[in-house]
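Dear colleague,

I am handing over the structure we spoke about, and below it you will find notes on a few places in it. Please read them with the coordinates open.

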Amino acid sequence: MKVLITTLFFFISITSFSQSNYYTTDGKNRITEAELNKMLTDQVAKMSAIMGKQLYGSLTINDTETKKDSIISRVTFAISDTKPENKVNSGPMSDYKNKEFPKFDLNTLVEKKFNSEQLKGRPTMINFWFTRCAPCIDEMPVLNKIKEKYKDDFNFIAITYNKKKDVEEFLKKHQFDFKHLIGAKDFTKQLGIKSYPMNLFLDKNGILKYVKGGIPYESIEGEELKIGDGNEIIEIIEKLK
């Protein structure tokens, strides 16, 4: 059995009465509570060990479809090193959706300023990440391929709170082809981003249209998790380009 789960690792149990509960991460798969709970519990332990500290997550129910004998909730997850106040929420960045994205003026790796006004005229993908974020690293090869395919139609921006030296050292070991904006601690705090990776999509006028977590992992029974192919991101890009 093949299932897709997002890069982030916490599951909250949601009960129903006369109907069966299922969860989906891509609109197609159907995951039972037990299946998803076990996968996510295993991943929390694995990623906490890698990071050397306890990680936490939160569940977002994006929408729910009720059928005669079942309730199907489309879910995404978010990871953080701080315990969330609310385990279930209405969606990351919900206050900014369908509005002009907050303006920013951030440093590049060559110590020049990059202003958000420079993005207008083409749609934009913004990836929020940090150097010790394992799911962020896992999805970079897929993001690089997407960037290469759509670089003439889209802006591809990576924003991190890490400083110049840390990012430069990271890029010596890991290829990440987005345009890098660094030292953005105040800006990420302003946005309330606590979960990584976080992928945002703006239209050509700078309006925030879509918010996604990281690329889902694929799990095939008997095999280890591996990063997916990024089809969710490609679908969004095709809509906006």
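Leaving aside its neighbours within four places in sequence, which residues is Thr 188 in contact with? Before the answer, please keep in mind that this is a predicted model. With those sequence neighbours set aside, the contacts of Thr 188 are Phe 128, Tyr 161, Ile 193 and Tyr 196. Thr 188 itself belongs to helix H4, which covers residues 185-191, and because its relative accessibility is 5%, where buried means under 20%, Thr 188 counts as buried.

The other region I looked at is strand S11, made up of residues 198-202, which is mostly covered, with 5 of its 5 residues buried. The cover extends to both faces of S11: Met 198, Leu 200 and Leu 202 are buried on one side, while Asn 199 and Phe 201 are buried on the other.

S11 also pairs with two strands that I would like to point out. Strand S8, residues 124-129, runs antiparallel to S11 and is joined to it over 5 bridges, and here Met 125 has Phe 201 of S11 as its bridge partner. Strand S12, residues 208-212, is likewise paired with S11 in the antiparallel sense, over 4 bridges, and in S12 the bridge partner of Phe 201 is Tyr 210. S11 and S12 together form a hairpin with 5 residues between them, and in its turn Gly 206 has a positive phi of about 85 degrees.

With best regards

Note on methods: Residues are numbered from 1 along each chain as its sequence is written. This is a predicted model: local features need pLDDT of at least 70, side-chain atom pairs count only at pLDDT 80 or more; totals for chains, interfaces and linings use all residues. Side-chain values use heavy atoms; hydrogens and water are left out. Buried means under 20% relative accessible area, exposed over 50%, partly exposed in between (1.4 Å probe, protein chains only). Two strands pair if DSSP finds at least two bridges between them. Contact means heavy atoms within 4.5 Å.
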